[in-house]
Amino acid sequence: MMRLPSFRFHRPQNLAEAARLLAASPQTTRLVAGGTDLWPNLKRRHQQAEDVVSLALVRELHGVERRADGSFAIGAMTTLSAVAADRPLAAEHPALSRAVRSISSPVLQNMGTLGGNLCLDTRCTYYNQNEEWRRSIGYCKKEVGETCWVAPGSPRCWAISASDSAPMLCALGASVRLVSASGERTIPLTALYQDDGIAYLTKRPDEILTQVFVPAAADRHSAFWKLRRRGSIDFGVLSVAGTIALDAQRRVRSAQLFLGCVASFPTPCTEAMESLQGQIFDEEHITRAAVLARKAASPLSNTDFLPQWRSKMVEPYTEAVLREIAGLPQQRLAPAHAF
Amino acid sequence: MSSPVPPGTSVATLRVNGEERTVAFPTHHTLLEVLREELGLTGTKHGCELGECGTCTVLVDGKPVLSCLVLAVEAEGHAVETVEGLQQGNQLHPLQSAFADLGAAQCGYCTPGILMASKALLAENPAASREQIAVALSGNLCRCTGYQKILEAVEWAGRTLCGENAPPARECSFGAPLPEEVQRG
Amino acid sequence: MAERSEKQDGAAAKPEAAREIAVARNIVGTPYRRVDGRAKVTGQTRFADDLSFPRMVHMRLVRSIVPHARIVSIDTSKAAAMPGVLAFLVGKDMPNTFGILPVSQDEHALCIDKVRFVGDPVVAIAALTDDQAYEASLAVRVEYESLETIATVEEAIATSEPRIHDYSDEGNIHKKVSMQFGELEEGFAEADEIFEDVLLFEGNTHLPMEQHATVAVPEDDGRITVWSSTQTPHYLHRSLAKVLELPASRIRVIACPNGGGFGGKSDPFNHEIAAAKMALRLGRPVKICLTREEVFYCHRGRHPVLMKLRTGFKRDGRMTAQHLQTALDGGAYGSYGVASTYYTGALQTVTYELPRYRFDSVRCFTNKPPCGPKRGHGTPQPRFGLEVHLDKVAVKLGIDPADIRLNNLVQPNTITANWLKVGSIGLKKCIEAVVAGSGWRERRGKLPHGRGLGLACGSYLSGAGLPIYWNHMPQSGVQLKLDRSGCVAAFCGQTEIGQGSDSVLAGIVAEVLGIELLDIRLCVADTDLTPVDLGSYSSRVTLMMGNAALQAAQRARELVARAVSEQLKVPQDRLVFAERRVFDSEDPSKGLSWPEACVCAESRFGTLGTTGSYIPPRSPGRYRGAGVGPSPAYSYSATVVEVEVDPETGLYRVEHVWMAHDVGKAINPVLVMGQIEGSVYMGLGEALMEEQVFRRLPKNRSNALVHKHPSMLEYKSPTFLEMPKVTSYIIEDPDPNGPFGAKEVGQGPLLPMMPAIANAIFDAVGVRVDQIPVHPHLVAKALEEKARGKEPRVGPRAFPSIDFGTPLRVPTPAEGGDGQAVNQDEAKVRTGTGTMTEREEALRGTKR
């Protein structure tokens, strides 16, 4: 049986107390939300903690609230099931529900939280392995070693951002509130991430992600597709999240396209987004944008499937997302996902 | 807590299958470990302890969760249900009867977890469609059955819970009738 | 709900063998609740890790983190000082070798001087708690001196030094086989066309949900009981006796119900032996439960097999000759590998008539976890080859793939070119059922682009004809104890691994005695208390244990019938055993209740007990290697699979599977259905995604050769959502060798799945993926090749060049052969040091 190492466990009742506990020794303290990421990481010993602070009892972090301006404030500790099941949210942002329901399996969604999914540690098949396995290859750069086994000649770590909610919420223009013992700030979600497998979050270790703000959909339409081997349990090997706003002439007023699972952060498809801007949202422009989206991704060999094929799949999956938003008939075999 | 507890140890009163038990255990032990090793409830199984197989599924406040990824201390104050609590007295739950009769439990190792996930589903929607059942159970791996008998058993139990007396089609137990031209041949 | 399920309408019962006296059939052929069903749905079933005993301590193994090395030193000092740590074992504490086959006793409980793969166990640690044992295991330091690593068959063939083992047929080629049945070249000369294919079947593993666990409990005066998740308690018993150097009578092995086996718990394992040794050393119970990662290292799963088929065909699709070559990547130890090697060739002849046949094979040692028997043992790989090969040939010759098979079928009661005796064969009906059910004739080749149908067949043993070690004793034994209570206790060494063997045992005994399942109490898989049954492998249990149970039950019925006949003054042959009564068929009111009948018999004869045993019939083959392949009966399956393929991305989905399986006679149809559906599932997994593959890091930076993904998450196995609709047909072509005519069902239906899926993809989009698994990116690659105007195919191109020497020549029955080889000496079999026994014999010879 895989077992956890021992640690001091704290269950603060409110945010201030949690922030204080975290501030005491942020480098050796870890926050736990749903536990679906941290506990396996500790069991495998590629993460360590002397203290673990559970946010379970911090009531203010739970729940979905619709605000007067039509936007939503989602507590970081809201379970993925609760996020997906929230009717007003699902009605406003069906693609977000879809993204959340594509995370792992339904049972896991009862445990995992939205905040946890946004802060999900970057993943790599050389890293998410047991202690003994990692000893046999030599610890990698993300741990204490010198080498990134994915790209041994490279100076950086290439672990991937495998969060499904992240690219979707980035496309939706979400922002997050970060609270620490010394204050708080609210930043765009896109600013939370950076393309570095180790320092993948700009959040300071003493900060707690407390809330996610999602603007109202208004005239925007979204879609989310995810590629993975199986319809459940698996992390993605590619996800595509898109949000498009059209004007009255079906011209694209704004286009947001993000890829998941192909880099260490939710990857903006800059050229594809620019190509759509101001154009008629039709098959021709969708096809062109899909081709350009592929340029944003350069997956490496650290997930299931071949990276070349994953790269190739960006195009049809982006096309599928844009066609879904445009209400065009699908030409692709949709994955048999649990959503 | 009245008596001093050594560091790294927790004492908690857990409500499992409606019965309260106070136990001491290492704080870093999961609900899975405490159920099996402290409470002797070995009906809950484990297949990976990393949240990847669904085998250790139990219900907490009626919702299926993976007991390998819940600290036992965090279960305090919540209602925990395991496979041992499914039957009423000596009477099997309709899910249990259906699984036993259809051979939906072959080796039986994934069965407790699947029964608990199914119980939660049917409590919410006893008339769940085959697709809904498949999605609800999609985090529970089984290597023996090919899932067919499990689907048929959950559907059957759902009908029973709805008050219908409708056992599965003959085909489930005997196979499909041979096509006519084959019978003639 | 009623505790026992209502009997559903019985299938039309067929007339049984003449030995049957009047029995109102009430169990066999009727779906009944499995006898272990209630325990399994209530959490009462006790798997090995569910056991605990007073003073029990926990054990962990320190496994090698290098793939191939000499052990320089082991430092346990830091670990020894850690809390709770009680004892260590190292290799030299258990110097005797063991292994499942007598010819490859090449394992040590813990490595002594050398490690051969990442995961090879080196040190065992016992501590008061499992946490303590694990923490201590991380503190053990082993110093290694690395040796060159061999990762593939090609490397093994090219690298004779360093040798992974100091025994083998040649360098790192563990086993080399070459045999020829009949005048091959005549056959090729007769052919109108000759076709060749090279294909690859990647390795995969069993992935039982239960991780292997063992609890060893020392008892009075040096005896020991070992509870374990093993499919083969008898073979474990022998290995324990050998390594622990204890008389077998002082060791008791109890196989717990297995939480899935599929062949993965059929070898005696290091952890089982080390736990027993540790328990004897500490004088207290010791438990070990492997982590999931360790289960991947135990492995013994499907061998990766590269294969080449060359077959001569007449224009009408009949085969004239075939030359099959296979190369197996065996991993680091022998395991069942010698048998696996033969199995990649043995069953090529039992489905379609093959008048002349040559088979060459090598199994190589590599620095990876050892391969062994997984569901289908060695036969799914060449079955994939044969069925894809036939599909291609049918297309080229313009014959419907169903017809090329139907036109070639082996006839019942024939002896094949390689001297296997085929009894009943229901394959024609199987093919007809899936062809009709799927609408094959109307739909194949006519569905829209992207949609396709594929067909394939298979066959499997109902038990291997020979035991693993040579002996003349029964392969299965059953004892019955009856007494005045009416309870019948059935004792048998068979092991329940989920397949339903307990239910077959109870069902057959209850059927013969006309009593209910609840009148039977089982005591199984306990080497002290139960007669030997060799284990749950090779689909042997229903047929072999079933026949032993039938004999024991018939003997019990005979005893009871004699006593009742005397008491009631009714001729014995008029007595009916049914509905818990023994009564006069001419006057059913005249009779005794079952307990009364037992009282009557116990009064007449004293204590009641009977035995039954089963030894398979002798096979006609007399050549070296003829021991692998014979079976008392062969099961047959046919499948049609429908797929939907995205022609741009290569993504595909299996939409519907029609599977027909000839089980001879379904003892319990609902469990037969479970085996068919489970086989369809596992075959689907192998075709779509399952692979046990390895990572080698850049050689200049790391010497590592590691399992790519030893976890449930990354070793992909299908979920509920990948499972297609399955239409199963139970075909019953009773075999005279089976109990009530029954044959196997646990493994056979897996075999045709992989080739049927590959064939369906061809029908859908016109490309061939000649390797398993059929990853979507391979389909995409083949589609790209097609778009470029190249051969629309991905797969291996060539079979390695290997000198197989002169094959063993065995004339076929049609050529007037007698089952023996004609060139035993010329073929130089038995002269090498290819097996451990031969090596030991040879060493003894040189000493003298």
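Start by selecting strand S27 (residues 652–662) of chain C together with S30(C): the two run parallel and are joined by seven bridges. Strands here are DSSP runs (E, at least two residues), numbered from the N terminus, and two strands pair if DSSP finds at least two bridges between them. This is a predicted model, where local features need pLDDT of at least 70, side-chain atom pairs count only at pLDDT 80 or more, and totals for chains, interfaces and linings use all residues. Residues are numbered from 1 along each chain as its sequence is written, chains are lettered from A in the order in which they are written, and side-chain values use heavy atoms, with hydrogens and water left out.

Next, click on C:His656, whose bridge partner in S30(C) is C:Lys725. Then show all of strand S30 (residues 725–731) of chain C: six of its seven residues are buried, so the strand is largely enclosed by the rest of the structure. Buried means under 20% relative accessible area (1.4 Å probe, protein chains only).

Now move to where chain B meets chain C. Color the contact (heavy atoms within 4.5 Å): 65 residues come from chain B and 69 residues from chain C. In chain B, select B:Gln106, B:Arg143 and B:Phe174, which lose the most area to chain C, together 17% of what that side buries. That area is accessible area (1.4 Å probe) lost when two parts are put together.

Finally, zoom in on B:Lys149 and C:Glu677. They form a salt bridge, with the closest N and O atoms 2.9 Å apart. The rule (a side-chain nitrogen of Lys or Arg within 4 Å of a carboxyl oxygen of Asp or Glu) finds six salt bridges across this interface.

Conventions. Buried < 20%, exposed > 50% of the residue type's maximum accessible area, 1.4 Å probe, protein only. Helix = DSSP H or I, 4+ residues; strand = E, 2+ residues; numbered from the N terminus.
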